Amino acid sequence: MQEKIHWHILGAGAIGSLWACYAYQNAVPATLILRSDSRLQAYRQAGGIMAKLGALALQLPVPVTSPSLITKPIEHILITTKAQQTLAAITAIEHQLAEKAVIVLLQNGLGIAEMLSQRYPQATLLQASTTEGAYRQSLFSLVHAGRGNTQLGQSKTLLAETQQTPLDHDELANIARSLSLGPLGMTVSDNIDDVLWQKLAVNCAINPLTVKYRCRNGELLDNPVALAELEAVVAEIAQFDASPEYPDLLATVRHVAANTALNRSSMLQDIEAGRPTEIAFISGYLCQLAEQHRIPVPMNRQLLDEIKRLSAANQH
Ligand SMILES: NC(=O)c1ccc[n+]([C@@H]2O[C@H](COP(=O)([O-])OP(=O)(O)OC[C@H]3O[C@@H](n4cnc5c(N)ncnc54)[C@H](OP(=O)(O)O)[C@@H]3O)[C@@H](O)[C@H]2O)c1
């Protein structure tokens, strides 16, 4: 019988705790890496993660560690920090990252994978995108709020730019299976670049506009001014070679806004809570790519500047 993969999960927030809790429930070996020894102490006092998983409310003593306590090389790591937190988080544990580690990036935003592949050229870098919904009520209190799906793949764009070894479908399927923790499913996408691009478009359109109009996702579709701006954002993104045609991309974005109509986007929540946002890896990534390819994206640029301005005002 094949040995179970032991996953380390970096980023003990909503998504990291979600995977850690279901790993615990499915008796799959996984260790959540907390950011510090003092966090570890707080976790021990809390006695585990208080998790609302569907109808169940459970106290789960999921295995945890901290950067200073990791003694064995990490072979498989699932990264679930926010994009802007990733480099600091991985730097803290890189002394124990195996040279040929399998790194799965499960987060929104783009640009981090390129940075990691330059920094860890021997590692196998995979990317995942999820529509599961989770949030924390407090530090170690998790709510699995909405069921979704999760796709995993290896970026062909990144493979072309680096010396990474491509994995075949069976190898990817094996990794996806090891991170499929009932009821969380993870499937292999043969075109993760496409999945990530569409997610980027959704995030560029919905997140900053919900901040600008201080509204829920669905309200963007009811407000004609916001809707015109949403369409302009999408039309700009549709100019890139990587993008589907404008009507298809717009249909995807509208579909997500309608399906998550009552949600307050994570960016709106971050701004309102005075936390840093992922904007640099969403609209910021897009504007940087646009500059390289000389593609005009004035609406995206305007929203990027607006969110940066609000974030800076938050920090003071
Ligand atoms: N939540 C969702 O429903 C959802 C759905 C789809 C995609 N996503 C994406 O998934 C990613 C994670 O989102 P999330 O909602 O889980 O965010 P989150 O709750 O803020 O979790 C991020 C975690 O990373 C930890 N962290 C930050 N810096 C660290 C460091 N230096 N060392 C170790 N840990 C560090 C944070 O620690 P602290 O505990 O100290 O804050 C926090 O626990 C984001 O890209 C998000 O956009 C989320």
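This is a predicted model: local features need pLDDT of at least 70, side-chain atom pairs count only at pLDDT 80 or more; totals for chains, interfaces and linings use all residues.
Domain 1 covers 7-190 and domain 2 covers 194-315, with bounds from an automatic or database domain assignment. Their C-alpha centres are 25 Å apart.

About 1300 Å² is buried between the domains, 60% of it on carbon and sulfur atoms; buried area is the accessible area (1.4 Å probe) that two parts lose on being put together, summed over both. Of the area that domain 1 buries against domain 2, Gln-84, Asn-108 and Leu-110 supply 46%, more than any other three residues.

The side chains of Lys-82 and Asp-270 form a salt bridge at 3.2 Å, N to O.

Helices (H or I, at least four residues) and strands (E, at least two) are DSSP runs, numbered from the N terminus.

## Asn-300

Asn-300 lies in helix H13 (residues 298-315). Asn-300 counts as buried because its relative accessibility is 0% (buried: under 20% relative accessible area, 1.4 Å probe, protein chains only). Leaving aside residues up to four places away in sequence, Asn-300 touches Cys-204, Val-233, Glu-236, Ile-237, Ser-283, Leu-286 and Cys-287.

## Basis

Residues are numbered from 1 along each chain as its sequence is written, and side-chain values use heavy atoms, without hydrogens and water. Local features need pLDDT of at least 70 and side-chain atom pairs count only at pLDDT 80 or more, while totals for chains, interfaces and linings use all residues.

Conventions
Buried means under 20% relative accessible area, exposed over 50%, partly exposed in between (1.4 Å probe, protein chains only). Contact means heavy atoms within 4.5 Å. A salt bridge is a side-chain nitrogen of Lys or Arg within 4 Å of a carboxyl oxygen of Asp or Glu.
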